[in-house]
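Open the model in your viewer and keep the selection tool at hand. We will go from stop to stop, and at each one I will say what to pick and what is there.

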Amino acid sequence: MGIQILQVDAFTDRPFRGNPAAVCLLDEPADPIWMQQVAAEMNLSETAFLCRENEGYRLRWFTPAVEVDLCGHATLASAHTLWEVGGVSSNNPIEFYTRSGVLGAIRQGEWIELNFPAKPPKETTPPDGLLEALGVPVESVSYDGADYLVEVASESVVRQVRPDFVQLATLPVRGIIVTSLAEGDEYDFVSRFFAPAAGINEDPVTGSAHCALAPFWQPRLHRDNFLAYQASARGGAVRVQLKGDRVFLGGQAVTVMRGELMG
């Protein structure tokens, strides 16, 4: 009997949009080397590994290249999977035990809400090579301890960024968030996320980036609730709410594939 694995598109209500994640359901903890090999085999931006622990689930995330400390879309995909396959009753919340502490997930109709730590970015001097690699005019650069957050003048600039990924990969950070106010009334702000050092040139929809985006935009927009859009080729919407030192991320998800790992 193989190990159950699903592919879920997160932060979307339609297949083939949002951000795809693989979710692997384990009966017992697995060797990290094996988990990294599975993530490389799946070749998605993240593969999540779930194993029941106490009243919740141990959750670990791997890109095709490295294990990461925090991931939003694969957590959303994991919660969706547990409710869908019957691992958790549809009305019950879920606790995930992770490298970033205990994370929560609850259902809100067709949406899932995640409880994540806020990561307020602090304005900083851009490191050598960052601005050259992005190749667009920049308003400000901040750092949240894991990612650089780069503000640009408009949504058009966000969409026009064509980074030098080789140069970006030399920076000693997880990734680079590029953001601006949204054009039009549907969304409050837009972003894109680049993480070539972690094996992902551009992540389609990055829930964890919004842990920095929420405290960045809150004093600028004088609001705690936002509807954000990540303007990648696949695209995806994220509901965002800042409450103290926590960020609540809302999204939808759809399963696109089920299978078994035989290795």
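This is a predicted model: local features need pLDDT of at least 70, side-chain atom pairs count only at pLDDT 80 or more; totals for chains, interfaces and linings use all residues.

**Stop 1: helix α2**

Select residues 73-85, which make up helix α2. Now colour the helix by accessibility: 11 of its 13 residues are buried, so α2 is largely enclosed by the rest of the structure. The buried ones are H73, A74, T75, L76, A77, S78, A79, H80, T81, L82 and W83. Step just past the end of the helix to G86, which takes a positive phi of about 90 degrees.

**Stop 2**

E84 is partly exposed, at 35% relative accessibility, while R258 is exposed, with a relative accessible area of 54%.

**Stop 3: other charged pairs**

The structure holds 12 salt bridges, and two further ones deserve a click. First pick R58 and E53, whose closest N and O atoms are 2.9 Å apart. R58 is partly exposed at 31% relative accessibility, and E53 is partly exposed at 27%.

Then select D144 and K119, a salt bridge with its closest N and O atoms 3.8 Å apart. D144 sits in the loop between β10 (140-143) and β11, and K119 in the loop between β8 (111-117) and β9 (122-123), so the pair links distant parts of the chain, 25 residues apart. Here D144 is buried, with a relative accessible area of 13%, and K119 is buried too, at 17% relative accessibility. To finish this stop, select R60, E67, D69 and R99, which salt bridges with shared partners join into one network.

**Stop 4: E151, a charge without a salt bridge**

Which side chain of opposite charge is nearest to E151? Select strand β11 (residues 147-151), where E151 lies, and show R220: this is the one, 4.3 Å away. E151 is buried yet has no salt bridge; the cut-off for one is 4 Å. Besides R220, E151 touches V138, E139, S140, T179, F216 and W217, leaving out residues up to four places away in sequence.

**Stop 5: L103**

Move to strand β7 (residues 101-108) and pick L103. L103 is buried, with a relative accessible area of 0%. Beyond four places in sequence, its contacts include W61, L70, I94, F96, F116 and R246. P117 is also in contact with L103; the C-alpha atoms of these two, 14 residues apart along the chain, are separated by 8.2 Å.

**Stop 6**

The largest pocket holds about 220 Å³ of space, and among the residues lining it are G2, L25, D27, R52, Y57, L82 and G87. β1 (3-10), β2 (19-26), β3 (46-53) and α2 each supply at least two lining residues, which brings you back to the helix of the opening stop.

The largest cavity has a volume of about 100 Å³. Of the 15 residues that line this cavity, E46, R174, F193, D203 and T206 lie nearest its centre. Strands β13 (189-195) and β14 (200-203) each give at least two residues to its lining.

Methods
Residues are numbered from 1 along each chain as its sequence is written. Side-chain values use heavy atoms; hydrogens and water are left out. Helices (H or I, at least four residues) and strands (E, at least two) are DSSP runs, numbered from the N terminus. Buried means under 20% relative accessible area, exposed over 50%, partly exposed in between (1.4 Å probe, protein chains only). Lys and Arg count as positive and Asp and Glu as negative; His and the chain ends are not counted. Contact means heavy atoms within 4.5 Å. The expected span of a helix is 1.5 Å times one less than its number of residues. On a 1 Å grid over the protein atoms alone, a cavity is a set of points where a 1.4 Å probe fits but cannot get out, and a pocket is an open set with protein on both sides within 12 Å along at least five of seven lines; lining residues have an atom within 4 Å of a point. Grid points are joined across faces, edges and corners, and a volume is the space filled by probe spheres set on the points.
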